[in-house]
Amino acid sequence: MVLVNMDDVIYNYIQKQLSEVPMILNRRLSYNGIEFNSKYEFRKLKSMIDSFLNNESEERYFVLPGIRGVGKTTILFQCYEYLLKEKNFNSNDLLYISCETTNFAGESDIEKIIEIYLDKIHNTTPALLDKPVFVFIDEAHFDKNWAMNGKVIFDESPYVFLILTGSSSLHLNYNPDAARRLNILPVMPLNYSEHLNLKYNYRTDIQKDLFDLIFTGEVENAQEKESTIQKELLSLDNYPLNDWNIYLNYGGFPTTFNIKFEDIIVSKSWSIISKVITIDMGNVFNLNKNNQNLTYKTLVYLASQKPGEISHDKLSNYLDCSKTTINNIINTLEKTQLIFHSEAYGGTSKKVKKPWKYNFATPNIRNCINKKFGNSAGSQVNMRGYCLKTKLHQIYLI
């Protein structure tokens, strides 16, 4: 029996990534020859990279938590491409890895992977490294000790710039010592302004006008800006008149931009939900199979109801399980950011007595669950109202 040397397995994977990633950038960052536009998170990281290279900042440990499908991997590749093509870095100084892949090989220790990379590729150690290298780590939550492992590398070398992505739970399981080093930059589902920017390369500065409308009653500027935006959108060659409805029903995830068929969007969205439950919730929160099944049923139940107050007692009776189990499932779903709650407005007494209201992170999730299981929470007009209410709860329109 031949024993596999895990260090060799990791080294072979690192070599593969160093040689292949520069070759696949165009494919990962464009569609039909058109390059993807960038999200705010990339522009923020780009400025931090520049500050680091100009010796203006020592911030070099960034964590991007978020639901699957919101574009975290694309952001990593955009940072990689920026350094390779605009900053003229050697590809050996840029390492992209996925801990999901290394986990299949039996090793998801970020500290060890980086040490092997520096030893075998740069013939050095973190402490002796004397030039900048950038390490992009996808699906970092597969390393149970990701935060401390990143902290160790951060402390050992002032030249390693780390960007990690992973499930929404990444911002929950790190200790205060690691927290002093890292910077959390959550990646959320797209609001409509981001949707317009990424899909149609259209940017609007209506945010301030809407704030003034809501908080000061300034109507005229908002009306004028709305009229201008409508005219500009209608002048776009590829902007459909029903884009707003498309966004409400299927928006939020850049991965569905170029999918034309509803059933495929539903299937892809359900796949995202399933992976959150079986992989993220299963691995990170140690959710057993029975509770994973209850989580599926909870989401289907929530999607079939009108958004609003959800009785945990009623839900536990419906699913024939304890209220404690339901509380744990709801809390865990919030931690994954699939759902969020809003509390009653008013004093402490009212907030305590009044049940919380629950909404999905993006209407796409509710709509796709209902489409998959044939549920209906009311008429199409009402459903659009629920979707819009979700967006307003998140202040998504601004």
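Confidence first: this is a predicted model, and the protein chain averages a pLDDT of 84, with 85% of the residues scoring at least 70. One stretch to treat with care is residues 391-398, where pLDDT stays under 50. The model still has 27 contacts beyond four places in sequence for those residues. Where pLDDT is low, the predicted coordinates should not be read in detail.

Now for the helix packing. Two packed helices are described by the angle between their axes and the distance between the axes.

| Helix pair | Angle between axes | Distance between axes |
|---|---|---|
| H8 (residues 192-200) and H11 (residues 243-250) | roughly 110° | within 11 Å |
| H11 and H17 (residues 363-373) | about 75° | 5 Å |
| H13 (residues 289-304) and H17 | about 100° | 9 Å |

Take H8 and H11 to begin with. Their axes cross at roughly 110°, so H8 and H11 are roughly perpendicular to each other. On the H8 side, the contact uses Tyr192, His195, Leu196, Lys199 and Tyr200, and H11 brings Asp243, Trp244 and Tyr247. Sorted by class, that contact has five nonpolar residues, one polar and two charged.

H11 also packs against H17, at an angle of about 75°, which means H11 is roughly perpendicular to H17. Here H11 puts in Leu248, Asn249 and Tyr250, while H17 answers with Pro363, Asn364, Asn367, Cys368 and Lys371. This contact counts four nonpolar, three polar and one charged residues.

What does H17 meet in H13? Arg366, Ile369, Asn370 and Phe373 of H17 meet Leu299, Val300, Leu302, Ala303 and Ser304 of H13. The axes pack at about 100°, so H13 is roughly perpendicular to H17. The residues of this contact split into six nonpolar, two polar and one charged.

On to the empty space. Rolling a probe the size of a water molecule over the atoms shows where empty space is left. The largest pocket holds about 1400 Å³ of space. It is lined by 48 residues, and the closest to its centre are Pro254, Thr255, Thr256, Phe257 and Asn258.

Which elements give two or more residues to that lining? They are helix H1 (6-28), strand E1 (30-31), strand E2 (34-35), helix H3 (72-86), H8, H11 and helix H12 (262-284). H12 supplies the largest share of the lining, six residues.

Definitions and conventions
Residues are numbered from 1 along each chain as its sequence is written. This is a predicted model: local features need pLDDT of at least 70, side-chain atom pairs count only at pLDDT 80 or more; totals for chains, interfaces and linings use all residues. Side-chain values use heavy atoms; hydrogens and water are left out. Axes are lines fitted to C-alpha atoms, for helices over the stretch in contact, and angles run from 0 to 180 degrees between N-to-C directions. Helices (H or I, at least four residues) and strands (E, at least two) are DSSP runs, numbered from the N terminus. Angles under 35 degrees count as roughly parallel, over 145 as roughly antiparallel, 65 to 115 as roughly perpendicular and the rest as oblique. Contact means heavy atoms within 4.5 Å. Ala, Val, Leu, Ile, Met, Phe, Trp, Tyr, Cys and Pro count as nonpolar, Asp, Glu, Lys and Arg as charged, and the others, Gly among them, as polar. On a 1 Å grid over the protein atoms alone, a cavity is a set of points where a 1.4 Å probe fits but cannot get out, and a pocket is an open set with protein on both sides within 12 Å along at least five of seven lines; lining residues have an atom within 4 Å of a point. Grid points are joined across faces, edges and corners, and a volume is the space filled by probe spheres set on the points. pLDDT is the predictor's confidence in each residue, from 0 to 100.
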